[in-house]
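Let me put it up.

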Amino acid sequence: MSLPATGDPRREVVADGAVSLLVPDAWETVHHPHDGVELVAVEPEQEGLFRANLVLTVTDVAMSLRDWQIGTESYLAAHLDDYVPLDAERLAVGGQPGLRRLATYATEDNRSVTVEQRSTVVDGVGVTLTATTSTLAWAAQAELLAHVFSSLVVAPAGARGGTA
């Protein structure tokens, strides 16, 4: 499967080699913009349109994946305007047991966006990859985002090093 974007995807390796994923070559990336945020990738500017983005967070988590995600769901519902959960399921995330969440919400300028998250907890470290795009563009971005999600690798503590 190839990415529907100009140029080859590039593998980004973060969190001291514990996490890696492919991002579209044309997307802008920023490493460590905030505590707990390892990587942000944003699609190229298209005048007036919402820019799809990927956000990879890696944080210490002192609870089970289930309890962490129950708290995350409550947080999202309380902090995102018009938040509507659409789907949630258990599945492998980066080669580890994890969860998938799909939801919509309204941005500050009242645009409908769709967000998909994949989360896992490995050795007390929570990893979440979040993809957000305009709800109207979600179907057009589906193959690209599926490819990015499937490229995510989360290494257990014993397997970490310079690469994941």
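So, start with helix H2, residues 138–151: H2 lies across S1, S2 and S10, and runs at about 155 degrees to S2. For the angle, axes are lines fitted to C-alpha atoms, for helices over the stretch in contact, and angles run from 0 to 180 degrees between N-to-C directions. Helices (H or I, at least four residues) and strands (E, at least two) are DSSP runs, numbered from the N terminus.

Quick housekeeping. This is a predicted model, where local features need pLDDT of at least 70 and side-chain atom pairs count only at pLDDT 80 or more, while totals for chains, interfaces and linings use all residues. Residues are numbered from 1 along each chain as its sequence is written, and side-chain values use heavy atoms, with hydrogens and water left out.

Now the sheet under that helix label. What order do the 3 strands take? S1-S2-S10, in an open sheet with antiparallel pairing; two strands pair if DSSP finds at least two bridges between them. Strand S1 (10–14) and strand S10 (153–154) are at the edges with a single partner strand each, so one side of each has no neighbour in the sheet.

On one side of S2 (residues 19–23), 5 bridges join it to S1. Valine 14 has valine 19 as its bridge partner there, and arginine 11 stands opposite leucine 22. The hairpin of S1 and S2 has 4 residues between the strands, and alanine 15 takes a positive phi near 55 degrees. Toward S10 there are 2 bridges from S2, and valine 19 turns up again, with valine 154 as its partner in S10.

Is S2 buried or exposed? Mostly covered: 5 of its 5 residues are buried, meaning under 20% relative accessible area, with exposed over 50% and partly exposed in between (1.4 Å probe, protein chains only). Val19, Leu21 and Val23 point one way, Ser20 and Leu22 the other.

Last stop: asparagine 53, in strand S5 (residues 53–60). Asparagine 53 counts as buried because its relative accessibility is 16%. Leaving aside neighbours within four places in sequence, asparagine 53 is in contact (heavy atoms within 4.5 Å) with Trp27, Ala41, Val42, Thr130, Ala131 and Thr132. Its side chain also reaches the backbone oxygen of arginine 51 at 3.4 Å.

Conventions
Polar contact = N/O pair within 3.5 Å; in protein donor to acceptor, adjacent residues only side chain to side chain.
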